[in-house]
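Let's take a walk through this one together. Have the sequence and the model side by side, and we'll go from the chains to their contact and then to a few residues.

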Amino acid sequence: MQDHVEDNGANMISLPSYLFLSFIMFIAGLVVMVARKNIIAILLGVELILNSAALNFAAYTRFINQNLEGNIMSLFIIVIAAAEAAVGLAIVIRFFQLKESVHIDDATQLQA
Amino acid sequence: MFQDILFICSAILVIAGTLGVVFSKNLMRACTLLLGTLFGVAGLYAVLGADFLAASQLVIYAGGVIILMLFAVMLTGGSADKANKFGIEKIMGMGSVKTYVIAGLTVLVFSLTIMKLLASFLKGYQKLDELPAFTSTVDKIGTMLVTDHVLAFEISSILLLGALVGAAVIARPRRG
């Protein structure tokens, strides 16, 4: 970290590059959530969006203020994503037992 | 120098995995590519100096969530056959080229506008070399979790217990 090999101001590890990567992940997650019709694929898109949010928190806490609140927030985002994946996939498996389908348009009734 | 290489590799992994999740037709393959994306995000955390976050990202996502997703994909019989390149079934009224072009352009315009607005606030950003040197964050995060954020910590434990019991109850096969 301390070696200043070339200091021409073209360092790519900066806040905008992190924001750009997080932006790509967010847009891809949004496209997956909108375009896919499989419920598990939609959950994949949700995971992408949660990861982009957590990456933003970690990047801001490193580049803007050097306390660790953003890391704590990313940690809770990871915990919530794990809980969401567990319950969501349980719902998907139950839905598949009832309807023999994982298509999102088949999920129209709350009670079988 | 090592950080630059790690950042480039992680960024390439993130972008390639993300595009693979979007454009892959096979759902098993999409799950595996999502695993690549999550590994890349862990590498980005490591570049940021968030070592505890990188380790927990690897453990929780690679060990828990992706395995769970793969189990769910296999239990529900993989992906459907009647799908086009984006994994969309051909339904009338959606999925035409026109709607996707319009939606993509709208999303792009909105996002670029928001990022442009944000960039004006961030003109004076710092580079990584000018920041204080890396120190381990594990002991600080542990101290903060049991002092400042102890309520959120306990609530998240209750949330995880509820999610565990709820998932077991929901996925249980019912008889009669």
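Helices here are DSSP runs of H or I with at least four residues, strands are runs of E with at least two, and both are numbered from the N terminus. With that in hand, chain B reads α-α-α-α-α-α from its N terminus: six helices and zero strands. Keep in mind that this is a predicted model.

How much of each chain is buried? In chain A, 48% of the 112 residues are buried, while in chain B 24% of the 176 residues count as buried. As for how far along the sequence contacts reach, take the pairs in chain B that are at least 6 apart: 56% of those contacts join residues at least 24 apart. For chain A, residues 24 or more positions apart account for 48% of the contacts with a separation of 6 or more.

The axes of α2(A), residues 39–63, and α3(A), residues 69–99, come within 8 Å and cross at roughly 175 degrees. Angles over 145 degrees count as roughly antiparallel, so that is what α2(A) is to α3(A). The residues where α2(A) contacts α3(A) split into 17 nonpolar, five polar and three charged.

Next, bring the two chains together. How many residues does each chain give to the contact? Chain B puts in 72 residues and chain A 59 residues. On the side of chain B that touches chain A, at least two residues come from each of α1 (2–23), α2 (27–48), α3 (51–75), α4 (97–121), α5 (138–147) and α6 (150–171). That side of chain B is made up of 51 nonpolar, 16 polar and five charged residues.

The largest nonpolar core has 67 residues, and I40(A) and L44(A) touch the most other members. At least two residues of this core come from each of α1, α2 and α3 of chain A and α1, α2, α3 and α6 of chain B. Not counting residues up to four places away in sequence, I40(A) touches V92(A), V102(A), L27(B), M69(B), A72(B), V73(B) and T76(B).

Is L21(A) buried or exposed? It takes 20 or more other C-beta atoms within 10 Å to count as buried; L21(A) has 23, so it is buried. Leaving aside neighbours within four places in sequence, L21(A) is in contact with L55(A), A11(B), V14(B) and L44(B).

Finally, find Y61(B) in helix α3 of chain B. Y61(B) has 25 other C-beta atoms within 10 Å, so this residue is buried too. Apart from residues up to four places away in sequence, Y61(B) touches L38(B) and I66(B). Its C-alpha lies 21 Å from that of L145(B), a residue 84 places away in sequence.

Methods
Residues numbered from 1 in each chain as written. Chains lettered and ligands numbered in written order. Predicted model: local features only at pLDDT ≥ 70, side-chain atom pairs only at ≥ 80, totals over all residues. Contact = placed C-beta atoms within 7 Å. Nonpolar A, V, L, I, M, F, W, Y, C, P; charged D, E, K, R; others polar. Axes fitted to C-alpha atoms, helices over the stretch in contact; angles between N-to-C directions. Parallel < 35°, antiparallel > 145°, perpendicular 65-115°, else oblique. Buried ≥ 20, exposed ≤ 12 C-beta atoms within 10 Å, placed from the backbone. Core = buried A, V, L, I, M, F, W, Y, C linked by C-beta atoms within 7 Å.
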